[in-house]
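Thanks, everyone; I would like to take one chain by itself, and then turn to the partner that touches it. Please have the sequence and the model on screen while I talk.

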Amino acid sequence: MASDRIFGLITLITAVAYIAAATQIQTNFFSGEYLPKLFPMLIGAVAAICSLVLIFKPDPDPDWPMARTWGNLLVAIVVLAIYSVLMTPLGFILPTAVAAAILSYQISPNAKQAVLAGIGLSLGLFAVFKFVLMLGNVVAYRIPTPAKLWDALTILIPFVGH
Amino acid sequence: METLANLALGFSVALSPYTLMLAVIGCFIGTIIGALPGLGPSNGVAILIPISFALGLDATAALVLMTAVYYGAMYGGRISSILLNIPGDEPALMTTLDGYPMAKRGEAGNALVLSGAASFVGAFLATIGLILLAPVLARVAFLFGPAEYFALYLLAFCTLGGMASNNQAKSAISACIGLGIAMIGVDSTSGLPRMTGGNLHLYDGVDFLVAIVGLFAIAELFFFIESHGKGSSIGVVLDKVTIPWKYIRQTVPTMLRASGVGFVAGVLPGAGASLGSFLAYMTEKSIAGEKGGFGTGVPKGVAAPEAGNNAAAGGALVPMLTLGVPGSGTTAVLLALLMTLNITPGPTLFRDNPDVVWGLIASLLIANVVLLIMNVPMVKIFVKILSVPAWILLPGVTMVSTTGIFALTGSYFDLLMLVGFGVLGYFLRKLDVPTVPVILGILLGGNMEDALRRAMTLSDGDPSYLFSSPIAIGLWIAAIAGFVAPMFLRGLLKKPQAVSD
């Protein structure tokens, strides 16, 4: 009940914001005055109506995970986000090994298995990508300056990064 | 005669040693992907598209490879259904109903070979149906103007929401999310950005590959973290594998009927393979009656959904190739593949690129034969692969997906969006919101809007133009009926629950 109501409320707010943003779309002589705005506004309207249906007629709640599992999920999301920005300055092998090991540990908490999975996956996948699939733009490693490393990490901090 | 000449053209494109090798590799990889629990055909094809694109394969080679993976995954999905009682994807759910009881009785090998034969029959007949029906439909599609196309896209979203989900409002929201994301980027007529929030990374729009891989593969990682990889151990052991000729002979009429039912279900835009296997199973169940023993592990109960499922997969290619409207999640992913290769499906495809269409059809036939040959002797190898533990499988899949996207775009921003789509996919699936409409929305949003804008330009802003032709009115009625009817039929069409131990 509550889950669907919250979801409906979030989509309703998003839909209204979307319609508001659609009214602000810039137009010019080529596109005409209202055509670029028409379809986005229709989408927003349909989404808003459906959100209201969901708020007034919610389904039963799903089984949400326990607090500990939320922690595991959060760790996984943070690790993946950091992994995304570090691939460019650090290359493939080191970030992949660390990220794969941590993800493996989140699924099954066994440190030895996780380290093995991390090292095996990063070296194995690097060999496959580099020598079988010939994807030369996967670089094994890079040694960045601290400034570059910091630059990459600031991407994840709102209002500081670029 | 014209059909045969076209087929000959197709085989001349698809039957070189190089493409044959790709077909064999694709079938092998596809079967593995389909067999791994939690990795269905949509997932598999989605993860491999960026990689095959980054490899720089030409259009025909990439198509052969990916269709082989697609059909391979459809074949492989039944292995985990039968042995583990875990359907690899939604259409395979029906196979667990009789396949798993059969495996528990010690007939796992028989069930696997029989379902392989049924898959072959279904897919083969559907490909024949595709060959006969697609050119006809392509000619009809020339009559479609912008108003008809707009109604057709609407029909696809409505039937997809109506049939495939439990709550209409949720599937409509899901479609709106996809369509809303499709609007992001530079507008093609004005050249001005829309909905980008001033972010330069978004000027090119959101790549649908990022969305597909995020919603399917990354979300799967989160689900495995939630379940801590439980439920992925071997359920039933497999001993000798022989060909059960008796069962195959017995089930021939079942396979033929199920293929027919599945094909028709697949051709309906938006309905897809789940409906095909469901209808095929229910039809056979009612023909067999109480004495048929459906649900207790009868061969017919294994053959029917598998033939129906694979026939629907072939049937779903008809609207995808002729109209550019995919009939299921996996065909949506195949449509994404075609778009990545710069091929626009639609009626003009049959006229302008006959080599691509008929090469694709020929490669479907080739993949089918390769899979049948591969499946009987190699089923033991595929069963071994099922025992890969989740703690190495899922990180591996995640890393392959992210690296594939990174090799394709080289942008950290796309990787961050990938994680974002993974989180979105997790919450949507938790809340029982289907994710396939999101994908369809991102894929079709641009075309749907173009159709609407052209219709409005032609009619000088008169909305009644959208209902001005009989075809358009028919499509609107079908769309509304497809959206509303399942609300009333839900009690009647209750899906059977999976057998529990």
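Predicted model: local features only at pLDDT ≥ 70, side-chain atom pairs only at ≥ 80, totals over all residues.

Chain A has six helices and zero strands, where helices (H or I, at least four residues) and strands (E, at least two) are DSSP runs numbered from the N terminus, so the elements read α-α-α-α-α-α from that end. Residues are numbered from 1 along each chain as its sequence is written, and chains are lettered from A and ligands numbered from 1 in the order in which they are written.

Chain A is divided into domain 1 (2–56) and domain 2 (67–154), with bounds that come from an automatic or database domain assignment, and the C-alpha centres of these two domains lie 38 Å apart. The radius of gyration of chain A, taken over C-alpha atoms, is 23 Å, whereas a compact globule of 162 residues would have one near 15 Å, by the rule of 2.2 Å times the number of residues to the power 0.38.

Turning to the partner, 50 residues of chain B are in contact with 55 residues of chain A, contact meaning that C-beta atoms, placed from the backbone, lie within 7 Å. On the side of chain B that touches chain A, α17(B) gives the most, with 12 residues.

Technical notes: Contact = placed C-beta atoms within 7 Å.
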